[in-house]
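Please read the points below with the model open beside them. They are meant as a colleague's notes.

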Amino acid sequence: ARFGYGKNRMARSLLPVAIVKDISVQSMMQEKTGLVYWELTVMIPLKLFVHHQLESIAGKECRVNFYKCGDALPEPHFLAWSDIQSEKPDFHLPQFFGKARFEQA
């Protein structure tokens with residue numbers, strides 16, 4: 001998993017793996033009546049927000065996209081949480097990001 005921070009795709013820095021490894025992710029895909037549903041639960045420790053001084057993120061919102069790239073697999077595939085309307089796979093288009101609202105566990 002990679003966790004990046006920045007104003008755009010060129011001015012982005014990735015957080016160290018030692019911090020990112022504490023993210024917990026649980027995903028589920030299921031098909032119902034010909035449609036595929038994808039559920040993603042992400043638990044992000046407060047310490048990941050190293051570029052902010054936060055006491056809590058409860059109730060805060062941000063713009064995000066979660067995606068999976070399977071471009072190097074025998075059968076290439078791409079999956080995004082937010083609908084990206086682009087001719088080619090490009091998950092760094094903020095105009096298509098969704099909103100996430102944080103809750104305190």
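1. Basis. This is a predicted model, in which local features need pLDDT of at least 70, side-chain atom pairs count only at pLDDT 80 or more, and totals for chains, interfaces and linings use all residues. Residues are numbered from 1 along each chain as its sequence is written, and side-chain values use heavy atoms, with hydrogens and water left out.

2. Aromatic pairs. A pair of aromatic rings is described by the distance of the centres and the angle of the planes. Here rings of Phe, Tyr and Trp (its six-membered ring) pair if their centres lie within 6.5 Å; planes under 30 degrees apart are stacked, over 60 edge-to-face, and the rest tilted. By this rule there are two aromatic pairs.

3. Phe49 and Phe102. Their ring centres are 5.8 Å apart and their planes stand at 90°, so this pair is edge-to-face. Phe49 sits in the loop between β4 (35-43) and β5 (61-64), and Phe102 in the segment after β8 (98-101), so the pair ties together parts 53 residues apart in sequence. Helices (H or I, at least four residues) and strands (E, at least two) are DSSP runs, numbered from the N terminus. For accessibility, buried means under 20% relative accessible area, exposed over 50%, and partly exposed in between (1.4 Å probe, protein chains only). Phe49 counts as buried because its relative accessibility is 18%. Phe102 is also buried, at 15%.

4. Phe66 and Trp81. The ring centres of Phe66 and Trp81 are 5.6 Å apart with planes at 75°, so this pair too is edge-to-face. Phe66 is in the loop between β5 and β6 (67-70), while Trp81 is in the loop between β7 (77-80) and β8; the pair therefore ties together parts 15 residues apart in sequence. Phe66 is partly exposed at 26%, and Trp81 is partly exposed at 37%.

5. The β6 and β7 hairpin. Strands pair if DSSP finds at least two bridges between them. Four bridges join β6 to β7, and the two strands run antiparallel. They form a hairpin with six residues between them. Cys69 has Phe78, in β7, as its bridge partner.

6. Lys68. This residue belongs to strand β6 and is partly exposed, with a relative accessible area of 38%. Its C-alpha atom is 6.4 Å from that of Ala80, twelve residues away along the chain. Contact means heavy atoms within 4.5 Å. Not counting residues up to four places away in sequence, Lys68 touches Leu73, His77, Phe78, Leu79 and Phe91.

7. Nonpolar core. Such a core is a set of buried Ala, Val, Leu, Ile, Met, Phe, Trp, Tyr and Cys residues joined through side-chain atoms within 4.5 Å. The largest one has five residues, namely Leu15, Ile19, Val20, Ile23 and Leu48. Leaving aside neighbours within four places in sequence, Ile19 is in contact with Lys47, Leu48 and Val50.

8. Ser82. What does Ser82 touch, not counting residues up to four places away in sequence? The partners are Val64, Asn65, Phe96, Phe97 and Gly98. Ser82 lies in the loop between β7 and β8 and is buried, with a relative accessible area of 9%.

9. Thr33. Most residues other than glycine have a negative phi. Thr33 has a positive phi, near 45°. Thr33 is found in the loop between β3 (24-32) and β4 and is exposed, with a relative accessible area of 78%.
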